[in-house]
Amino acid sequence: MKLVYFTKVLILCLVVLIPGVLAIGIRKLPSGFQPPLSDSQMIYGIETVSQSFIAQKNQLSGFALTIKNPNSINKKDLVMNLMDESGQIVRTVTVNGWSIPDGGYINFSFASIPDSAGKKFIAQFSAPTAIDTDSLELYHSNKPFDGTYKVNGQTENGSLSFITYYAPQNFFANEILIYRNWMWKFFMDWQFAIIYLTLLVGGSAFLIISKIKAHNRFAKTFLAGRGFKHED
Amino acid sequence: MKLKNNWYLKFIVLAVLLRMLVMPFFFHPDIKTYSFQASFLQKGVWNIYSYLPEHKNELPLKEEFVYFPLTYFTLGTYQIIALPFLGPNFSNWLANANASAVDMIGVYRYLFILKLPYLVLDILTAIFLAKIVGDEAVKRKVFLYWLFNPFSIIIIYVFSNVDIFPVFLSVLSLYFTRKNKWWLAGLMLGLGAGFKAYPLLFVPFLFLMAPKLKDKILVLITSLLPFLLIITPFFKTPGFQNSTLDSGLTTRIISNGISIGFGEILFPGIILLAIIYLLALNRKLGIKELIHFCLAAIIAIFAMIHFHIQWLLWPIPFIVLILANNLRWLWNFVILGILAISIPFLYDDSAMTVSTLSVINPLFENLPTPFKVVQRVYDPFILQSILHSLFFGAGILMIWQLLHEDKA
């Protein structure tokens, strides 16, 4: 019976508590899903690749994209300068090719920008020490995007396939977000939600009634054993 | 044991409720991949092994079908039956290769319905496991140990692979062995191998245990023939040879070894299995010894190879039967279980840990995996190797104890 009790508690924790506890560890909230990848742009020497975007929220803290590093040959620095609308560099992040696997999804994380919501930013990439034989390649997407994509200062079609990240606004923000979205998604499929909850409630009711009946049976037997006559 | 008996019914209801809490809210990508592949049965595809490579360019999910044929036909048939309940967007969900698939409305319904056959087999496994033992008190223990051990709940409903099919058939095989119905016992192993090859490991034990020559021949025929009949139509298909025969247990057991020169290699897994089979040859096997030998064979495999977390379901029925009779093994099995489960937890694969919560919210995919956390302070591959070495040591000791107890 100890095992039954232990497993009941464990499963309830797994389903109800663990998501909440793990949510505390989420320090980066993505802006959405990464757009599908199409072709890629090589980057080396004096070449620069830049992408402008509007930050959706405050606390902008990362710019992530998929990078090709054929045979993991590149071991040189890839620099991302994040600039504001006036072209002023506000953050710089350097990632070395050692830590970029071929096709790796790399998040250029930086100290969050508190009042970023609604502001335009430009992420500019360069790999000054790389050469054409060991260059990295940044993946594009054909999905329409409201932002300017430039290679060596020239505007090109499409955009980089990227996601921006934001730090949580406060300690409880993730908790609320996780549980609210969970319940919303569950009840959006209302037919399933009704059947599922009915089964759960029905099963629990059966267990409770069984317990009450067993308790009454025990009481009857106990009283009968002591010479009391049970009257219904 | 009668289901009308309120005691059994009460615990079945509680077990179902607990499983229902897990079923819709945990996701492993395998269930979507093999369900997508099994969905081709409704379109009249009989040879999935040739169909997938031929249509690779036009399919959203490029993976090959790595399971044996019964998995395809069973899951495909179930999908045809369940289709009216899955809703019109189910096929879109299956074909959605993007990360957004976990966030689609209806994903809880899909996971719940796709895992329903596992629930049925899981409960049936408990019932037949209990029927294997005679004494009512032990029967109840077996029933509770299977239904309420957290390992099997997590392996079946969080990682949701198809291992419950061969596990259930292996338990049925034990049940028929207990009833001295040798041909049925063999047949269940043969059918189980139609899903995953591992029940074939038990055929030599069953062969040795069968009392008469006629029974021994029946065991061989009824186990090997169905298995061969299941795989023969696909045997010449390169997709079957490359993806199914060359994956999983079938090749991992010969993936590492000690070279003895001139191209010859000694495979530790096979060496250990040979020792176990030869020991069985020199013993008089009863049902208790059969359980011990089957468990020893599984532990020998796990000790020697890189295994998937789903495979850890294979030994649980045997462990349950042993523990119900003798609880002194409990801590040995708990230590072995924790070691075994922590090895795949450390694989560099978010689907083993944080991503299982991605249907609750895709944000969980952003959490670092245990591999990445360990990487900050230590080499996770070395830690995995240490854990596997510990598992190896504990496993070898456990095999010795299991087989030594039989001798005693």
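## A buried histidine and the A–B interface

His28(B) is buried, with a relative accessible area of 4%. The cut-off for buried is under 20%, so His28(B) qualifies. The model is predicted.

His28(B) sits in the loop that links helix 1 (6-22) to helix 2 (29-38) of chain B. Setting aside neighbours within four places in sequence, its contacts are Val158(B), Phe159(B), Ser160(B), Gln310(B), Ala351(B) and Met352(B).

Now the interface. Chain A brings 42 residues into contact with 42 residues of chain B. The two chains bury about 3800 Å² between them. Carbon and sulfur atoms account for 81% of that area. Three residues, Phe33(A), Lys185(A) and Tyr196(A), supply 17% of the area that chain A buries against chain B.

One salt bridge joins Asp189(A) to Arg109(B), with the closest N and O atoms 2.7 Å apart.

Four elements of chain A each give two or more residues to the side that touches chain B: helix 1 (2-23), strand 1 (29-30), helix 2 (173-188) and helix 3 (190-225). Helix 1 of chain A gives the largest share, 14 residues.

By class, the side of chain A that touches chain B divides as follows.

| Class, side of chain A touching chain B | Count |
|---|---|
| Nonpolar | 30 residues |
| Polar | seven residues |

Methods
Residues are numbered from 1 along each chain as its sequence is written. Chains are lettered from A and ligands numbered from 1 in the order in which they are written. This is a predicted model: local features need pLDDT of at least 70, side-chain atom pairs count only at pLDDT 80 or more; totals for chains, interfaces and linings use all residues. Side-chain values use heavy atoms; hydrogens and water are left out. Contact means heavy atoms within 4.5 Å. Buried area is the accessible area (1.4 Å probe) that two parts lose on being put together, summed over both. A salt bridge is a side-chain nitrogen of Lys or Arg within 4 Å of a carboxyl oxygen of Asp or Glu. Ala, Val, Leu, Ile, Met, Phe, Trp, Tyr, Cys and Pro count as nonpolar, Asp, Glu, Lys and Arg as charged, and the others, Gly among them, as polar. Buried means under 20% relative accessible area, exposed over 50%, partly exposed in between (1.4 Å probe, protein chains only).
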